[in-house]
Amino acid sequence: MNQNLKIIRIFMLIVLFIFFMGLIVSPSLAQELQQERHILVLNSYNKGYAWTDNIVEGIESIFDTENSNYKISIEYMDTNIRHDEDYISLLHQLYKSKFQNTDIDIIIASDNVAYTFLKKYHGDLFPNIPIVVCGLNFYDNYIIQQNNFTGIVEELHFKDTIDIALALHPKASNFIVIFDNSRTGNMNTQAIKTLVPLYNNKIEFKFIQSDSFEEVAQKAKKLPKDSIIFAGAILQDKYGYPIPIEKGYKLISQAAHIPIYTAWDMSIGNGIIGGKVVSGYDQGVAVANMAKEVLEGRSISTIPFQRKSPNKYVFDYNELKRFNININDLPKDSRIINKPDLYLKIPKEQFYIALILIILLGIILYMLKKQDAKDSFNKEVMRAILHSTNDGLLIYDYEYNYVNTNEQFKKMWNISEDSLGQNSLFVIRKIIKDQVKNYNDIIDNINNIVTNSTYTSSVVELKSGKSYEWVFEPLIIDNGISGYLWRYKDITMKIDYEKKLAKSQKLYSKFIEILPDAVFIYKNTKVVIANESALNLLGHDTIEEMCEDPFENSIQIHPNYIDVVSKRMDQLSTIETTVDFMEEKYILQNGDVVDVEVGATSFKQNDDMYIVLVIRDIRERKKSEKLTRRIQEKNIQLKKAKEYDTLKTQFFSTISHELKTPLNVILGTVQLFQSMPQESNNTDTPHPLSGKYINMMKQNCYRLLRLINNLIDITRIDSNFLKMNIKNYNIVYIVEDITLSVAEYAKIYDVKLIFDTEIEEIIIACDADKIERIILNLLSNAVKFTPSGGLIEVNIMQEENNVIINIKDNGIGIPKDKLQDIFDRFKQVDSSTTRSKEGSGIGLSLVKALVELHSGTITVESELEMGSEFIIRLPIVQLPDTPTVYSEVATTRDEKVERISIEFSDIYS
Ligand code: ADP
């Protein structure tokens, strides 16, 4: 645009330059200034009447009043309004007073009225001043006799006009002649009427004679379509004022759409097609030339009166087109006005200047037009942009006056364009006040924006929950601010998505972070995301550090896996695919070989290939797999051992029974021997069957029997075959009974056995025989390991829901380090072969098993040389609905004696 304006300016300068050059060379300037010459132009009619105006124009074209010494005064007699004698005489008086002392060099009169007036009064008003007259329709000898008069005739070529009209409209059948009631009108009507006989049978003539425009217009409207109008009247409106011909006939022509012809040129171009016309302008030029000759010194009497009117065929191009008249059908020398290719008659040198001017003007116009086109294009573009965007736009000029907006803006803020029409920031404030959340901040923001007038962008939150991105942008043209653009973008969804995205990203990253597996995300060949486990695996602290030091440098793939791994990586980086988890081995920087399981998937996004690589450290798994295998092996071994143990138990059981049978036979035989009378003559050598030998045999039988019984019981317990005979017994009684039985034996070893109880009766569900054996076993041990003179105390007490049986001796005691495994099978404290008290080490383990079969516990407290205390704890429970057994005891007295004898058999006396 600026470029174009510059070019226009330059052209304007050139135009002015050429124009002044033209002035310099113009002959008018070269003309020498002469004495002032006064010309009076006296027109019959009024100013504004085209005929008269044309004449004046013609006259003025000859006298260049501005650049010469010619001065023209123009008078209008206005006789088309009033032309009676009184008026004429008033005019006489008026002019007399007006021009009395005026120095007039020549008078140019137009039309008959002025001619007649001057003929009558020139002697009085303008004596001896030459008079040239134009537009004379009727003249007399007065002018021919040249009494200071000459001029030019105005001849009307009615016939030529009628002929051409009929020729151009061959189908017309009516020829309507319109004149007013003026003298001229009458005379012209008569003149045409004389021509009518020439057109007999060709066309019908109709005459409308009226001064009223309304009357003529009404009649014209009713005319048939095949009519031609001949316009001759000067029409008046209803107030009596003349309607200019060009206006009057234009209205008639438009209303009736009938071709109108005329014999005067002044109305052509205004609804009248044309005709052979007399030209006011030509009349003016002709008469002015005559006047000029006189003024230049020629005597008026030598200038002949011009009897031929210079009439021409003149047509209006626009009207010809309106009535579809072909220009070729017009007479050859016709002048066509309003024709697009206007031909100008101007002097040669000025023609070229004009030509250059026209070309330059043409260029300027072209450029302006182009500029216009560009402007309207720009406007259209602006409109299109405003309405095609989803953003709400509001445009202000530099004073914050509203310029434009779009539908989107109005929708976003729920407003009408009217409310924007005023100013400005006030309106904006009003609009947003009720709709936004943090109004005060926004107002501060607006104020800052207005003060700084720089690009600003922020986000506005609405009460409705929406969010708009808000951009303020000064519109800068030629380094100056021309206006401001406020742009609102609805980013509610965007923010929503961003929140959701951030949330899901957070979730994902959290998820990835807590994964025990190492996760790497590659973008093309670079690691962009890695979790804690990944960093740990590679021995890095930060992801940046890892990106600098790529994966490949931190870990070596075990040679056995290099081929398959590179094949998988190639596959992943070429196409979107997933590779299943596969076991691999990595070699870490420190040389450790790590078992891993690696799986990956790849996907493409925006031409970038992403690979998600998951590496699972399976060292622990491998370890536990090894462990499981070992456990399985151990279990198998255990099972085998158990089977072997069972076999052993069975063997013990079998062998025990096998041993017990012959032993019982031997014992029975020994007892038989014992009961037989013993006869011996030699007291020195005891008889083999004497008591001493028999006792030896019996004691060793008991020892064997004790061992076998213990073995049988322990194998029974091990194989769950020991039968329990549970009944409700008074446990105090059972313990007391067996203790008292043992007391006698203890005496033999000089050991004192005391029984004491806090409570006389505690009924519990138990197997009396097993209880007896427990106590007997413990007492025999106590006797065994208590030297003579010692004391054994048996106490029974109740402690809460338990019965406590305490067997305490002050014997040799048990070393501390042996206490924990004293109840283990085959364990003896003194394993030396020279033991004074023999045993198998089964006793206490059997006692413990029997106590546990009663859901009880047994513990020992002992100190070397101080003695030992065995504490049995049995729960006090009874068999429901079962009577207590008082009478029945586990063993009879004899059985008890035998049992004690067996139990004490391994004590050497
Ligand atoms: P055995 O059947 O051979 O008697 P036990 O299981 O009854 O075996 O006893 C195991 C060992 O515990 C004994 O050999 C003895 O060393 C020790 N022991 C048991 N009772 C006492 C006690 N009252 N005082 C000292 N030592 C004892």
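Helix α22, which spans residues 619-675 of this predicted model, contains Lys626. Lys626 counts as exposed because its relative accessibility is 51%, and the cut-off for that class is over 50%. On the surface, Lys626 belongs to a patch of positive charge.

Most residues other than glycine have a negative phi. Asn324 has a positive phi of about 55°, although this residue is not a glycine. Asn324 is placed in the loop between α12 (317-322) and β14 (335-337). With a relative accessible area of 71%, Asn324 is exposed.

A positive phi is also found at Asp881, where the angle is near 55° in a residue other than glycine. Asp881 lies in the loop that runs between β32 (867-875) and β33 (884-885). The relative accessible area of Asp881 is 83%, so this residue is classed as exposed.

The structure holds 0 disulfides, a disulfide being a pair of cysteine sulfur atoms within 2.5 Å. Cys134 has a relative accessible area of 0% and is therefore buried. Cys701 likewise counts as buried, because its relative accessibility is 5% and the class covers values under 20%.

Technical notes:
Residues numbered from 1 in each chain as written. Predicted model: local features only at pLDDT ≥ 70, side-chain atom pairs only at ≥ 80, totals over all residues. Heavy atoms only, no water. Patch = residues over 30% accessible without salt bridge, like charges linked within 9 Å, V, L, I, M, F, W, Y side chains within 5 Å. Areas by Shrake-Rupley, 256 points an atom, 1.4 Å probe, with all protein chains shown as cover. Salt bridge = Lys/Arg side-chain N within 4 Å of Asp/Glu carboxyl O. Lys, Arg positive; Asp, Glu negative; His and termini not counted. Charge placed at Lys NZ, Arg CZ, Asp CG, Glu CD. Helix = DSSP H or I, 4+ residues; strand = E, 2+ residues; numbered from the N terminus. Buried < 20%, exposed > 50% of the residue type's maximum accessible area, 1.4 Å probe, protein only.
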